[in-house]
Amino acid sequence: MRERVAIVGVGYTPLRALSPEVSFREMVFQAAVKAYADAGIQPRHVSTFVSVTEDYIEGTAIADEYVPDQLGAVLKPVHTVTADGITGLASLVMQLETEQLDIAVIEGHSKASNIMHPAHIEAFALDPLYARPLAFHPRYVAGLEMRAFLSTTGNTERQAALVVAKNRRNARRNPLAAYPAELAAEDVLASPPEAEPLKRGDIAAYADGAIVMVLARESWLPRLRGRPVFINGIGWSQHTPNIEERELHRAIYAEKAAQMAYRMAGIDNPQSQIDFAEVDDTFSYKELQHLEALGLAGPGQAGRLLEQGMFSPDGALPVNVSGGNLGCGYTYDMSGLRSVLEVVLQLRGLAGERQLPDVKVGLAQSWRGIPTASGAVAVLARE
């Protein structure tokens, strides 16, 4: 029987729209100090490190060369996972399950405010022969997906706008969130158009921040201080990068990643076995699309269930009580780790004003953002 892996320490900085007073290295250092203290370890106890970074976003080649100092990882294995944060987490789970390593650390950070033209970078993910020469803004892909999803499933633009209102409102109870607000669906629908039917209000704004997590094998838990949260299941998937070959109304990557995570965690009825979820909502329609892909709502039912209050903090299945990306801010590949962080805090009973009562199993889901079709799912549980 394989040895279970748990998250035993977390450290993080608040998410902010701008952070000119601090470098990403200083943010990572602050998060690392907190994570090590939470776990009750020193950097010398760590066997291996993962940095979730992307050279294009960092603006420098071999970006993980700039990570070891602030993590205390000099002369230790540090490797980059150029994928979303939960995929990076999966790489450490697999390493620890070999039982060749004992304690591992993952870091993710965002200095999105340093990027003047994000779309110029995101366009590099478009097919260089058939898509990129058309010179369209990458958000047009989100507009195409949103139209296909709404038309096929029967969910509506107003229901997507209600996602924004819910998550921005939830963020008001989260001191880490960069974009808390009290909005109505009508405010979102009245915002300027971005890529029909996508509007400016449907899009998560960028944010800066850092998160560090300490993982350990179950046999090591008696030696550590942090209250463990077990990773019962984890899965990841990448669908075709070619836009013209996708079923734009479906998040196939989320479907396949969820199947993998559920199988590992022994989940056969996610609606009844999962107490709450943090799912990617970089665009408003994505929350609805991902809920259906994860089996947390039936086909074409996510919007209706949202209107009925099922996904509210006091509903049967709370979704994005942290505020999600819409309320907390979009942090590129760190976004998945932010979702995991919220699940860990909730399961530990440390979510403060937004704490959910008696939750035992939580789900975190990530998407790498436009124009990709890749993401991951993690199922986490208390002892």
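Ser335 lies in helix 14, which spans residues 335–348. The model is predicted. Is Ser335 buried or exposed? Ser335 is buried, because its relative accessible area is 4%, and the cut-off for buried is under 20%. Leaving aside residues up to four places away in sequence, Ser335 touches Asn325 and Tyr330.

Helix 14 gives the most to the lining of the largest cavity, with three residues. That lining includes Arg338, Leu341 and Glu342. Among the other lining residues are Tyr12, Thr13, Leu15, Asn174, Ile211 and Arg354. The volume of the largest cavity is about 90 Å³. The structure holds four cavities of 30 Å³ or more.

Now turn to strand 2. Strand 2 covers residues 48–52, and five of the five are buried, so the strand is largely enclosed by the rest of the structure. In a regular strand, side chains alternate between the two faces of the sheet. Thr48, Val50 and Val52 point one way from strand 2. Phe49 and Ser51 point the other way, and all are buried.

Which strands pair with strand 2? Strand 4, residues 103–111, pairs with strand 2 in the parallel sense over five bridges. There, Val52 has Gly108 as its bridge partner. Strand 3, residues 78–80, also runs parallel to strand 2, joined by three bridges. In strand 3, Thr80 is the bridge partner of Ser51.

How values were computed
Residues numbered from 1 in each chain as written. Predicted model: local features only at pLDDT ≥ 70, side-chain atom pairs only at ≥ 80, totals over all residues. Heavy atoms only, no water. Helix = DSSP H or I, 4+ residues; strand = E, 2+ residues; numbered from the N terminus. Buried < 20%, exposed > 50% of the residue type's maximum accessible area, 1.4 Å probe, protein only. Contact = heavy atoms within 4.5 Å. Pairing = 2+ DSSP bridges. 1 Å grid on protein atoms, 1.4 Å probe; cavity = no way out; pocket = protein on both sides within 12 Å on 5 of 7 lines; lining within 4 Å. Points joined across faces, edges and corners; volume = space filled by probe spheres on them.
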